[in-house]
Amino acid sequence: MKAIRFHELGGPEVLRWEEAPKPGVTAGEVLVKVKVVGVNFADTLVRRGEYLVRPKLPVIPGVEGSGIVEEVGDPADKGLIGRRVAFLGQQCYAEYTIVPVGQLIPLTDTVTFEDGAATPVQALTAYHLLYTMDQIKPGQTVLVHAAAGGVGLLAVQMAKQAGALVYGTTSTEAKAALVRQMGADAVILYNQTDFAEELRRLTKGRGVDLILDSVGRATMAGSLKSLKPFGHLICYGAASGRPEPLSIFDLYENSIKVSAFWLMTVARVPELALVGVTRVFEWLGTGKLRLTIGLKLSLAQAAEAHRKLEGRETVGKIILTVD
Ligand SMILES: NC(=O)c1ccc[n+]([C@@H]2O[C@H](COP(=O)([O-])OP(=O)(O)OC[C@H]3O[C@@H](n4cnc5c(N)ncnc54)[C@H](OP(=O)(O)O)[C@@H]3O)[C@@H](O)[C@H]2O)c1
């Protein structure tokens with residue numbers, strides 16, 4: 001089969017479109033013929049060797065997609081053959097991938113392969129940040145960093161839907177316009193303005209209840225200054241680099257809470273994972289949540305997708321189609 005692989009860590013140029021062995025399926029798994037792959041910022045970190053988990057080379061990147069179940073490892077699962085599915089998996093930048101049965105998300109006829117592949121990582125991350133790590137409530141104030149990104153645009157919509165007052169940060173006016181279109185009450189260009197100062201002005205000195213921070217080094221200090229007493233900062237990424245280590249003594253003055261989130265933890269709590277998937281797909285089905293597919297390329301063009309994502313040239317979701 002054809003796949004995107006890298007044999008050494010590095011920039012987007014290490015991604016090669018080449019022949020790779022078709023994987024074999026064992027009990028508890030299915031073989032999926034991949035239709036669409038979802039690209040995530042974490043894929044670029046894995047490629048650079050900067051992710052939480054170091055890969056064993058060579059690597060087929062990718063952790064989500066959609067497609068059709070072609071083979072099953074266990075005869076008891078034969079009813080799955082031919083099913084349209086989305087999935088959280090591994091080695092997804094390929095024509096075929098293996099997915100554990102428990103990680104399949106059945107797609108109804110009304111959900112396209114593109115939307116299916118665009119949803120698992122980013123929508124579930126936004127959902128669990130707001131509803132598992134915190135319990136978002138009407139009237140609360142929330143700041144979403146990198147609000148025009150894949151997770152960002154979905155978190156803005158979910159927080160607004162929950163009745164929160166939502167602020168976003170992003171790097172350009174064009175991205176800011178999109179974030180406002182998705183419902184944000186105000187957007188700050190954090191590379192032109194001191195966002196903590198601007199937020200203090202917008203909130204009349206009060207600060208916010210909750211901050212979703214995936215930017216890390218560039219935003220951490222400002223985020224800590226922007227919380228209300230008893231506020232909550234959730235760190236879930238470091239697109240600008242890892243922040244300086246935090247001292248617990250910096251949290252006392254305002255009794256603030258700082259926590260960390262990794263979507264993979266949810267997979268270890270199946271009932272939580274199911275609630276997230278059910279609610280997110282229900283919101284997509286009823287139009288309460290809108291996906292923004294900002295870039296669609298073919299799988300062979302994965303390097304170009306990584307270049308644009310790391311270059312901050314994208315909004316919303318990037319997908320790669322398998323022809
Ligand atoms: N913990 C988890 O389980 C989990 C799950 C999913 C995603 N994440 C993290 O959440 C973040 C968003 O993921 P995503 O896939 O939706 O990506 P994304 O937000 O679509 O893209 C990353 C965005 O980060 C912003 N950014 C700020 N500083 C940057 C820098 N120095 N270099 C590149 N980008 C920079 C850019 O937006 P602006 O141009 O607006 O600044 C860029 O568009 C990532 O940090 C990712 O690792 C974590």
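**Reading the contacts**

Analyst: Helix α3 passes helix α4 in a right-handed crossing, meaning that the near helix is turned clockwise from the far one by less than a right angle. The model is predicted, with local features requiring pLDDT of at least 70 and side-chain atom pairs pLDDT 80 or more, while totals for chains, interfaces and linings use all residues. Residues are numbered from 1 along each chain as its sequence is written, and side-chain values use heavy atoms, leaving out hydrogens and water.

User: At what angle do the axes of α3 and α4 cross?

Analyst: Axes are lines fitted to C-alpha atoms, for helices over the stretch in contact, with angles from 0 to 180 degrees between N-to-C directions; helices are DSSP runs (H or I, at least four residues) numbered from the N terminus. Here α3 (residues 120–131) and α4 (residues 150–161) have axes that come within 8 Å and cross at roughly 45°. The two are therefore oblique, a class left over once angles under 35 degrees (roughly parallel), over 145 (roughly antiparallel) and 65 to 115 (roughly perpendicular) are taken out.

User: Which domains does the assignment give, and how much area is buried between them?

Analyst: The size of an interface is often given as the accessible area lost when the parts come together. An automatic or database assignment gives domain 1 (2–119 + 291–321) and domain 2 (123–264), with 28 Å between their C-alpha centres. The contact (heavy atoms within 4.5 Å) takes 14 residues from domain 1 and 15 residues from domain 2. About 1,200 Å² is buried between the domains, 62% of it from carbon and sulfur atoms, using a 1.4 Å probe and summing over both parts.

Notes. Buried area = accessible area lost by both parts, 1.4 Å probe.
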